[in-house]
Amino acid sequence: MARRLPDAAETLERLRDRNPDFWPALIYLIATYAYLGEIDKASELADTALARYPQISLEDSRKNTPHQRGEDLKKLFDGLAKAGLVDD
């Protein structure tokens, strides 16, 4: 999985550029950068997301994330937490 993360980041960046309001792309991009070890970039995107969507939290993301395998969801939310998105 780790060797595919740079490709995922590139694809998600393009998707976000085309549709900046597409929330899932931003969430996955934040987690992807966190897993790439680019915590500053992930945190910056998380700050941007929080400014644009102040209601954002891990709990909101859990409720609004399409169903996936449990281990995939765990990785996603672990990445979001690394970037600073935490439950209140």
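The model is predicted. The protein contains five helices and zero strands, and its elements follow the order α-α-α-α-α from the N terminus on. Of its 88 residues, 33% are buried.

**Overall picture**

- The protein exposes about 5700 Å² of surface, and carbon and sulfur atoms supply 51% of that area.
- Among the contacts with a separation of 6 or more, 59% are between residues 24 or more positions apart.

**The contact of helix α2 with helix α5**

- Helix α2 covers residues 23-35 and helix α5 covers residues 70-82; their axes come within 8 Å.
- The two axes cross at roughly 75 degrees. Angles of 65 to 115 degrees count as roughly perpendicular, and α2 and α5 are therefore roughly perpendicular to each other.
- On the α2 side, the contact involves Ile27, Tyr28, Ile30, Ala31, Ala34 and Tyr35. On the α5 side, it involves Lys75, Leu76, Asp78, Gly79, Leu80 and Lys82.
- By residue class, the contact of α2 with α5 comprises eight nonpolar residues, one polar residue and three charged residues.

**Glu13 in helix α1**

- Glu13 belongs to helix α1, which spans residues 5-18.
- The relative accessible area of Glu13 is 18%. Buried means under 20%, so Glu13 counts as buried.
- The side chains of Glu13 and Arg16 are joined by a polar contact of 2.9 Å.
- When residues up to four places away in sequence are left aside, Glu13 touches Leu29 and Tyr33.

**Thr32 in helix α2**

- Thr32 is part of helix α2, and with a relative accessible area of 7% it is buried.
- Leaving aside residues up to four places away in sequence, Thr32 touches Leu5, Ala8, Ala9 and Leu12.

**Ser43 and Ala49 in helix α3**

- Helix α3 consists of residues 39-52 and contains Ser43. Ala49 is also found in helix α3.
- Ser43 has a relative accessibility of 21%. The partly exposed class lies between the buried limit of 20% and the exposed limit of 50%, so Ser43 counts as partly exposed.
- The side chain of Ser43 reaches the backbone oxygen of Ala83 at 3.2 Å.
- Ser43 and Ala31 are 12 residues apart along the chain, and their C-alpha atoms are separated by 9.6 Å.
- Ala49 is buried, and its relative accessible area is 0%.
- Between the C-alpha atoms of Ala49 and Leu85 there is a separation of 9.5 Å, while the two residues are 36 residues apart along the chain.

**Lys74 in helix α5**

- Lys74 lies in helix α5.
- The relative accessibility of Lys74 is 52%. Exposed means over 50%, so Lys74 counts as exposed.
- From C-alpha to C-alpha, Lys74 and Arg62 are 9.9 Å apart in space, and they are 12 residues apart in sequence.

Note on methods: Residues numbered from 1 in each chain as written. Predicted model: local features only at pLDDT ≥ 70, side-chain atom pairs only at ≥ 80, totals over all residues. Heavy atoms only, no water. Axes fitted to C-alpha atoms, helices over the stretch in contact; angles between N-to-C directions. Helix = DSSP H or I, 4+ residues; strand = E, 2+ residues; numbered from the N terminus. Parallel < 35°, antiparallel > 145°, perpendicular 65-115°, else oblique. Contact = heavy atoms within 4.5 Å. Nonpolar A, V, L, I, M, F, W, Y, C, P; charged D, E, K, R; others polar. Buried < 20%, exposed > 50% of the residue type's maximum accessible area, 1.4 Å probe, protein only. Areas by Shrake-Rupley, 256 points an atom, 1.4 Å probe, with all protein chains shown as cover. Polar contact = N/O pair within 3.5 Å; in protein donor to acceptor, adjacent residues only side chain to side chain.
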